[in-house]
Amino acid sequence: MSNVPNSRKLWALSAAVIALLSVAARPLDAQTGTAPSTAIPAQVWTHAAGGNHFDGPKDIIYPDKLAPVDTRLNLYFGDWRDSLPHAMFGSLVVRDILTPGDNLSPPTPGAVLEQASFLSYATLAAGDRTVPSTLKDVQLFFYVEEGEGEVSAGGKTAPLHKGSALLLPEGLEFTLHNTGETQLAAYLIGDPTYPGFKPLSTFKIVDEAKLPLNTKPPASPFDAQGANGHWAHITHSFFARTNGGGLASVGSIITVEIPPMQLGEPHPHLPGKEEVWCEIEGKSLAFVGPQVRMQHAGQAYILRPDGLTTHSNINFDQPGTAPIKFLWFSTNTGLSAAPH
């Protein structure tokens, strides 16, 4: 395929993926809840990105009807490039990607978050420093995309660089300083606190390059090497709400990589599952509900948690190229059995 134009390769791969998944779909009997020839396996609602929902492609379940209302998928996607900038902490320039709203019926594009406060893209110019600031009713997570800097709080200072994940707790005065010669850029997640929540006593930094992979023995022959679940999701975990992980309302924050010519296992989510996929490296196909659309770095979506809308992320690039990469965060508060 090396001599085929990229647009034709993309079209061919998209068509092949859709055809494969369409063949795998089996309409359900409305009375018995079974496929015409076999019983439907129980859906497994797994922790974070680990595990598979189904044994293999032949077992993927697609409902025989669409969601009860128009899902209006455009409302579930956001891109920082479409947002006007605003300032935080004096000199941090922030552009929103996803904002507070409604998981099932967004009032405006990108207004989909019920648990997290926001997902944004933030930059600090070379040499700039934020004013001393203290968070109230919210914590901040930063994932550094480019540049070099440092954070100072509680009498200590620590460096920041590409791949640094920083959690700034509520109640701690801090400053951010760009120590490099180019902009310091980071993805920013707002984690709301609540009465009685006990934040960490100081900031915490995790270097992604030093984290072990979240690996599990292959659950099926369709799992990619090193994947933690959903066939092709290779993950690193940063912070969580459980086990003293530091988060208050957001369940967990990780990165997910998908190797070239691989796709995640298509699956839906039930109400109460707020799951966000923000692409931070590469270009991919987002297979959401009945649509396949391009997704690029800086763009994010939330899967509509109606139990009917299925999603997958597809790396259509050539073998041997770099994996695509997502910043992923999720919370379960409803029907889904997983705690985060």
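Is Phe-197 buried or exposed, going by its relative accessible area? Phe-197 is buried, at 14% relative accessible area; buried here means under 20%, exposed means over 50%, and partly exposed is what falls in between, using a 1.4 Å probe and protein chains only.

A quick note before the views. This is a predicted model, where local features need pLDDT of at least 70 and side-chain atom pairs count only at pLDDT 80 or more, while totals for chains, interfaces and linings use all residues. Residues are numbered from 1 along each chain as its sequence is written, and side-chain values use heavy atoms, with hydrogens and water left out.

**View A. Phe-197 in its loop, with its contacts.** Phe-197 sits in the loop between β12 and β13 (204–207); strands are DSSP runs of E with at least two residues, helices are runs of H or I with at least four, and both are numbered from the N terminus. Set aside the neighbours within four places in sequence, and Phe-197 is in contact (heavy atoms within 4.5 Å) with Gln-139, Glu-170, Gly-246, Leu-247 and Ala-248. Ser-249 is 52 residues from Phe-197 in sequence, yet the two C-alpha atoms are 9.6 Å apart in space.

**View B. Strand β5 and its two pairings.** Seven of the seven residues of β5 (residues 118–124) are buried, so this strand is largely enclosed by the rest of the structure. Phe-118, Ser-120, Ala-122 and Leu-124 point one way, Leu-119, Tyr-121 and Thr-123 point the other, and all are buried. Strands count as paired if DSSP finds at least two bridges between them. β5 pairs antiparallel with β3 (residues 92–100) over five bridges, and Val-93 has Thr-123 of β5 as its bridge partner. Seven bridges join β5 to β12 (residues 184–192), again antiparallel, with Phe-118 opposite Gly-190.

**View C. The largest cavity and its lining.** Rolling a probe the size of a water molecule over the atoms shows where empty space is left. A cavity is a set of points, on a 1 Å grid over the protein atoms alone, where a 1.4 Å probe fits but cannot get out, and lining residues have an atom within 4 Å of a point. Grid points are joined across faces, edges and corners, and the volume is the space filled by probe spheres set on them. There are two cavities of 30 Å³ or more, and the largest holds about 80 Å³. Its lining is made of Leu-92, Ala-122, Leu-124, Phe-142, Val-144, Leu-160, Leu-176, Leu-184, Ala-185 and Ala-186. β5, β7 (138–146) and β12 are the elements that give two or more residues to that lining, and β12 gives the most, with three. By class, the lining has 10 nonpolar residues, no polar and no charged; nonpolar covers Ala, Val, Leu, Ile, Met, Phe, Trp, Tyr, Cys and Pro, charged covers Asp, Glu, Lys and Arg, and the others, Gly among them, are polar.

**View D. The open sheet β6-β11-β8-β9.** Four strands line up in that order, with antiparallel pairing. β6 (133–134) and β9 (156–160) stand at the edges with a single partner strand each, so one side of each has no neighbour in the sheet. β8 (residues 149–153) is mostly covered, with four of its five residues buried. Five bridges tie β8 to β9 in the antiparallel sense, and Ala-153 stands opposite Lys-156. Two residues lie between the strands of this hairpin, where Gly-154 takes a positive phi near 60°. β8 also pairs antiparallel with β11 (residues 173–178) over five bridges, and Glu-150 has His-177 as its bridge partner there.

**View E. Ser-133 on strand β6.** Ser-133 is buried, at 11% relative accessibility. A polar atom of its side chain lies 2.8 Å from the backbone oxygen of Val-131. Not counting residues up to four places away in sequence, Ser-133 touches Phe-89, Leu-172, Glu-173 and Phe-174.

**View F. Phe-316 in the loop between β21 and β22.** The loop runs between β21 (311–315) and β22 (324–332). Phe-316 is buried, with a relative accessible area of 19%. Met-261 is 55 residues from Phe-316 in sequence, but their C-alpha atoms are 5.1 Å apart in space.

Terms used: Polar contact = N/O pair within 3.5 Å; in protein donor to acceptor, adjacent residues only side chain to side chain. 1 Å grid on protein atoms, 1.4 Å probe; cavity = no way out; pocket = protein on both sides within 12 Å on 5 of 7 lines; lining within 4 Å.
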